[in-house]
Amino acid sequence: MATEKQILMQINATKNIKKITSSMKMVSAAKLKGDETRLKLAGPFNSWTSCLNGEPKEVEDATFEELPQKTLIIPFTSDRGLCGGINSFITRSVKRTVSAITNQGKECDIVIIGEKGRAQLRRFVGENIIKSATDIESPGTYPLAASLTAEIIDAGAADYDAVCIIYNHYVNPALYKQMYQVVSPFVEEGQVGEPLMEYEFDGDKKELMEDMYEYMLSSQLYYTFMDAAAAEQSSRMAAMENASKNAGEMIDSLTLRYNRARQARITTELIEIISGASALDG
């Protein structure tokens with residue numbers, strides 16, 4: 001059984017942890033405000049891509065049958081922990097996506113964004129990982145998304161039939177969902193489904209379409225950065241709130257144990273004093 005001193009040390013340590021988690025919750029709440037603002041501004045910037053790629057879909061209950069023969073998967077995770085199960089949900093979604101694609105006889109590779117995702121996914125789908133990007137600057141910016149897109153293109157993104165971006169979509173401070181967005185290269189000139197046929201191009205259309213595809217991918221990655229960042233902060237805020245609540249409950253439980261141990265000690269001392277007095281009288 002723990003002594004009074006040991007219990008008191010546990011109480012003080014738990015109080016210090018509660019102060020830290022409460023502070024982290026307030027910091028995350030402040031950062032979430034900024035992320036919400038950036039996400040709101042990034043929405044119109046990326047809205048034009050929906051006309052070419054369609055709207056993002058929820059990972060839950062998805063069959064991924066619309067994915068082509070060869071797909072590059074880009075999951076967005078965080079570099080830091082203490083943010084609930086936000087990275088585990090993405091890992092689970094990627095494992096499910098890879099399993100579905102493999103069962104359909106298709107191929108896929110993975111480029112991971114974030115250290116937490118890399119650490120988790122390399123144990124399950126390590127043979128599919130071709131590149132990872134960690135220690136990402138926060139908050140994300142468009143130049144960052146553009147440079148990341150250039151690296152992905154250099155890694156062979158043009159050799160894939162589509163890019164599938166898996167990320168956490170921010171709904172509100174208490175809710176986020178796992179979504180995926182498919183970004184497909186433009187069909188070459190003269191083939192069925194050729195885009196933007198109603199427009200005239202000054203120069204080589206094929207080269208311009210390649211540049212536009214890179215810009216479309218960077219625009220989508222930029223929006224995903226903003227969306228995933230807001231979801232991460234909301235999850236971290238909720239996780240720190242739960243941690244503070246649990247620390248408070250633990251402090252109450254330890255305080256009760258401390259009071260009981262203290263009362264038992266006082267009772268024992270009183271019994272010893274009374275017994276000693278009785279012995280002297282006898």
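**Surface, core and charge pairs**

Start with I274. With a relative accessible area of 55%, I274 counts as exposed, because the cut-off for exposed is over 50%. I274 sits in helix 6. Keep in mind that this is a predicted model.

Now the inside. In soluble globular proteins, nonpolar side chains tend to be buried together. Here, the largest nonpolar core has 38 residues. The residues with the most contacts inside this core are L72, I74, F76, I152, V163, I165 and F225. Which elements give two or more residues to this core? On the helix side, they are helix 1 (4-46), helix 5 (142-154) and helix 6 (205-281). On the strand side, they are strand 2 (70-75), strand 3 (107-113), strand 5 (162-172) and strand 6 (175-183). Helix 6 gives the largest share of this core, 13 residues.

Stay on helix 6 for I251, which is found there. Is I251 buried or exposed? I251 counts as buried, because its relative accessibility is 11% and the cut-off for buried is under 20%. Look at I251 together with K18. In sequence, I251 and K18 are 233 residues apart. In space, their C-alpha atoms are 9.3 Å apart.

Next, charges. Side chains of opposite charge can pair when their charged atoms come close. How many salt bridges does a search of the whole structure find? It finds seven. I'll take three of those pairs.

Pair one is K177 with E58. Their side chains meet in a salt bridge at 3.7 Å, N to O. This pair links distant parts of the chain, with K177 in strand 6 and E58 in strand 1 (residues 57-58), 119 residues apart. K177 counts as partly exposed, at 32% relative accessibility. E58 is partly exposed too, with a relative accessible area of 35%.

Pair two is E232 with R236. The closest N and O atoms of this salt bridge are 3.1 Å apart. Why are E232 and R236 separated by about one helical turn? Because they are four residues apart in helix 6. Buried or exposed? E232 is buried, with a relative accessible area of 16%. R236 is buried as well, with a relative accessible area of 2%.

E269 and R265 are four residues apart in helix 6, so about one helical turn separates them. E269 is partly exposed, with a relative accessible area of 37%. R265 is partly exposed, with a relative accessible area of 36%. This pair belongs to a network: salt bridges that share partners join E4, R265 and E269.

Which residues form a positive surface patch? R92, K95, R122 and R123 do. Take K95, which has its place in helix 3 (residues 86-103). K95 counts as partly exposed, at 33% relative accessibility.

To recap. There is a nonpolar core of 38 residues, and helix 6 gives 13 of them. The search finds seven salt bridges.

Terms used: Residues are numbered from 1 along each chain as its sequence is written. This is a predicted model: local features need pLDDT of at least 70, side-chain atom pairs count only at pLDDT 80 or more; totals for chains, interfaces and linings use all residues. Side-chain values use heavy atoms; hydrogens and water are left out. Patches are made of residues with over 30% relative accessible area and no salt bridge: like charges are joined within 9 Å, nonpolar side chains (Val, Leu, Ile, Met, Phe, Trp, Tyr) within 5 Å. Accessible areas come from the Shrake-Rupley method with a 1.4 Å probe; for residues, only the protein chains shown count as cover. A salt bridge is a side-chain nitrogen of Lys or Arg within 4 Å of a carboxyl oxygen of Asp or Glu. Lys and Arg count as positive and Asp and Glu as negative; His and the chain ends are not counted. The place of a charge is taken as NZ of Lys, CZ of Arg, CG of Asp or CD of Glu. Buried means under 20% relative accessible area, exposed over 50%, partly exposed in between (1.4 Å probe, protein chains only). A nonpolar core is a set of buried Ala, Val, Leu, Ile, Met, Phe, Trp, Tyr and Cys residues joined through side-chain atoms within 4.5 Å.
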